[in-house]
Amino acid sequence: MGVPNEDVVQIEGGKDSGEPCVVTVNCPDKTGLGCDLCRIILEFGLCITRGDVSTDGKWCYVVFWVTPRSNITTVRWENLKNRLLSVCPSCSVSFYFSPPARSTASPLYFLKFFCLNRKGLLHDVTHVLCELELIIQRVKVSTTPDGRVMDLFFITDSLDSLHTKKRQDETLEQLNAVLGESCLGCELQLAGPEYEAFQHSLSTLPSEITEELFSSEFSEKEIRSQALTPELTKVKKAIVTIDNSLSPAHTLLQIHCVDQKGLLYDIMRTLKDCNIQIAYGRFSPIIKGYREIDLFIQQLDGKKMVDSEKQNYLCSRLRMEMLHPLRVNITNRGPDTELLVANPVELSGKGRPRVFYDVTLALKLLGICIFSAEIGRHSTSDRQWEVYRFLLDDTREFPLSNSRSRNQIVDRVRRTLMGW
């Protein structure tokens, strides 16, 4: 006998308006399950206000209190439940005796549209795709001299139904509605040879840019460009400690830091990539802008973490995620101004959700037009990164030759990404 699917994931609405919804997951355990759950919750535009996690190594019980962020108008709770259920291990008794089934990658689709350019266009399209639960994998956007835009999106479908005519018609209908009369053509089909051609067309990052963008330390230029963000001073005070004296079988990992969007996801992603298992964890509510996270952890072999080098590496890696989870920079690309945003990719190959959404939203609110955009991957010595590149159009409000204007752009993008 196993646990019925309807009992594996339960979502209970708040008793009063404005109260958090309670998401409960009760299923067999696996390394990285917490990361997978947090990524999906972040993908739906939800904030985890507090959480509790416990497991005996075979079975886990997770409770998250979640609220929609201010820019999220509707949440498809039933779809959220199904997505969370999809990453939970099988609840049948055979789970303990049979190897887990291999997951099948979702088909890649090619979305192409040609339209007249306007401010906020790219974000409006991205908003529709997010509402439809279509995941943007790669993007190539270019503008012609006469103000026309060719947008190429490579997407996957979280609902695995984009092969149906109904789902395709719904997607094209909503895109045409937001594009309006500016749309000159829109096509959706399975990706083919054009994906390989797209991969080869991506421009490479100059070495001087990569050195600054992926540095483990803030450069003086970056500190100056971030001077408008006072929260950075607090983030640098992030404290990560390890204690082996309180439990005979587990290491206590304690984190004290400023709250930010995706904080619990960043922590869980790091632990997953380091093959760390959580036996018990508590994610406390915000107190004066800070979070307290207590996690009792073990290594993959079921032992405490006693090696000082491993302890220092884990603490350093986690502190970096508090300080520098997303890299934002603005630089010159020939005669043009380029905004770059980079985020680390999980070892599973999945990137952070909603980054493209947040960046295009920030630029739309600033009234800045995007001349071209692309999403690619870049590998450094220790990890892979997802890199978002935007060539920006000069405006009267934000002359890009002005250093203060450039700093304001970086600041607004960072604040939107971090939820500040």
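Start by selecting Cys-115 and Cys-183: the sulfur of Cys-115 has its closest cysteine sulfur in Cys-183, 6.3 Å away, which is too far for a bond. A disulfide is a pair of cysteine sulfur atoms within 2.5 Å, and the structure holds zero of them. Cys-115 is buried, at 0% relative accessible area, and Cys-369 is buried too, at 13%. Here buried means under 20% relative accessible area, exposed over 50%, and partly exposed in between, using a 1.4 Å probe and protein chains only.

A word on what is on your screen: this is a predicted model, in which local features need pLDDT of at least 70 and side-chain atom pairs count only at pLDDT 80 or more, while totals for chains, interfaces and linings use all residues. Residues are numbered from 1 along each chain as its sequence is written, and side-chain values use heavy atoms, with hydrogens and water left out.

**The whole chain**

Zoom out now. Of the chain's 420 residues, 51% count as buried. Contact means heavy atoms within 4.5 Å. Among contacts between residues at least 6 apart in sequence, 70% join residues at least 24 apart.

**Two cores**

Next, select Phe-64 and Ile-267, the residues with the most contacts inside the largest nonpolar core, which has 49 residues. Such a core is a set of buried Ala, Val, Leu, Ile, Met, Phe, Trp, Tyr and Cys residues joined through side-chain atoms within 4.5 Å. Helix 2 (residues 33–43) gives the most to this core, with seven residues. Apart from it lies another core, of 47 residues, including Tyr-109, Ile-136, Leu-363 and Phe-398.

Go back to Ile-267 and show what surrounds it. Leaving aside neighbours within four places in sequence, Ile-267 is in contact with Ile-255, Ile-293, Leu-295, Leu-318 and Met-322. Now colour helix 10 (residues 263–273): eleven of its eleven residues are buried, so this helix is largely enclosed by the rest of the structure.

Step on to Asn-275, in the loop between helix 10 and strand 11. Asn-275 is not a glycine, yet has a positive phi of about 55°. Most residues other than glycine have a negative phi. At 38% relative accessibility, Asn-275 counts as partly exposed.

**Between strands 11 and 12**

Follow the chain to the loop between strand 11 (276–283) and strand 12 (290–299), where Ser-284 is found. Is Ser-284 buried or exposed? Ser-284 is buried, with a relative accessible area of 19%. Not counting residues up to four places away in sequence, Ser-284 touches Thr-49, Arg-50, Arg-291 and Glu-292. Lys-288 lies in the loop between strand 11 and strand 12 as well, and counts as exposed at 79% relative accessibility. Lys-288 has a positive phi of about 55° although it is not a glycine.

**Last stop: a helix pair**

Finally, select helix 4 (residues 121–131) and helix 5 (residues 165–179), which pack at an angle of about 155° with their axes 10 Å apart. The contact is made by residues including Val-125 and Leu-129 of helix 4 and Leu-175 and Val-178 of helix 5. Axes are lines fitted to C-alpha atoms, for helices over the stretch in contact, and angles run from 0 to 180 degrees between N-to-C directions. Angles under 35 degrees count as roughly parallel, over 145 as roughly antiparallel, 65 to 115 as roughly perpendicular and the rest as oblique; helix 4 and helix 5 are therefore roughly antiparallel.

How values were computed:
Helices (H or I, at least four residues) and strands (E, at least two) are DSSP runs, numbered from the N terminus.
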